[in-house]
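Here is a short briefing to read alongside the sequence and the 3D view. Have a look at the structure first, then go through the points by topic.

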Amino acid sequence: MAKDPVLILDRLSVSYAGSVALNGVSLAVQAEELICVIGANGAGKTSLIRTIAGIVRPSSGRIRWCGRDITGMSPWEICELGIAQVAEGRELFPSLTVEENLLIGGSLKRARGRRDVNLRRVYELFPKLDERRRQSAGTLSGGEQQMVAIGRAMMSEPEMIMLDEPSIGLSPVLTGVMFNVVKALHSQKITILLVEQNVASSLSIGDRGYVLENGAVVLDGTGKDLLSNDEVRRAYLGL
Ligand code: ATP
């Protein structure tokens with residue numbers, strides 16, 4: 001028997017001063033799935049993540065997480081329920097050290113008691129960060145800063161991580177590293193919502209995907225099906 005989804009968006013709409021960013025988005029995510037959200041600039045991908053995270057309030061629609069209505073909860077409450085966000089642009093504290101940035105993620109009640117264990121897990125996944133634990137985050141390369149942002153999310157022992165364009169601004173080599181990190185998180189049974197402009201790479205590792213256009217879902221399917229879909233190939237892969 002199919003399990004209930006962990007995350008359900010029910011006709012979610014968002015407007016900024018009257019301009020519509022999301023227009024009745026419905027989707028469902030099962031536990032441990034890796035879901036990709038793709039779409040052109042301005043399609044509403046970041047708004048989707050920020051609304052689930054409680055940073056943006058929807059104008060209508062509901063968000064359910066593990067059977068509970070979380071619409072309108074604060075970002076802090078939502079993090080405590082196990083949803084972590086890795087924002088586009090990373091949002092680190094540049095003058096704090098790598099470790100201080102990581103510890104901020106470990107300060108949530110849900111994970112506070114296991115801070116040291118979680119810190120070790122982060123350093124195992126990102127040995128570079130262990131070497132640079134006392135260095136200010138602002139002095140790291142873009143790829144290393146992205147690792148800190150992901151590590152900070154891991155410190156809260158999330159059940160789901162939402163990643164907003166983790167490969168943006170990275171070299172092709174580092175982009176490959178970043179997709180391997182996303183795969184590693186997925187193999188740790190963390191549910192993942194991945195927003196990416198790198199459509200081919202994200203759909204090739206995603207269980208399923210949704211295509212957003214002008215704030216609405218226009219297509220969804222398995223990663224494999226979307227990769228071979230003619231519309232997706234034309235619009236996002238230039239084929
Ligand atoms: P990108 O890939 O360029 O980041 P996106 O798919 O993530 O795009 P959003 O950033 O969610 O899309 O933007 C959706 C729409 O909402 C766009 O038309 C954008 O201009 C608008 N928008 C986003 N944030 C704001 C804001 N704070 N105030 C006003 N309009 C906004």
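Alanine 200 counts as partly exposed because its relative accessibility is 36%, where buried means under 20% relative accessible area, exposed over 50%, and partly exposed in between (1.4 Å probe, protein chains only). This is a predicted model, in which local features need pLDDT of at least 70, side-chain atom pairs count only at pLDDT 80 or more, and totals for chains, interfaces and linings use all residues. Residues are numbered from 1 along each chain as its sequence is written, and side-chain values use heavy atoms, with hydrogens and water left out.

**Around alanine 200**
- Helix H8 (residues 199-205) holds alanine 200; helices here are DSSP runs (H or I, at least four residues), numbered from the N terminus.
- Leaving aside neighbours within four places in sequence, alanine 200 is in contact (heavy atoms within 4.5 Å) with Leu227 and Leu237.
- Between the C-alpha atoms of alanine 200 and valine 232 there are 9.7 Å, and the two are 32 residues apart along the chain.

**The ligand**
- Gly42, Gly44, Lys45, Thr46 and Ser47 come nearest among the 13 residues around the ligand, counted when a heavy atom lies within 4 Å.
- One polar backbone atom of threonine 46 lies 2.8 Å from an oxygen atom of the ligand.
- For a polar backbone atom of glycine 44, the distance to a ligand oxygen atom is 2.9 Å.
- In the side chain of asparagine 41, an N or O atom is 3.4 Å from an oxygen atom of the ligand.

Technical notes:
Helices (H or I, at least four residues) and strands (E, at least two) are DSSP runs, numbered from the N terminus. A polar contact is a pair of N or O atoms within 3.5 Å; within protein, one must be able to donate a hydrogen and the other to accept it, and residues adjacent in sequence count only if both atoms are side-chain atoms.
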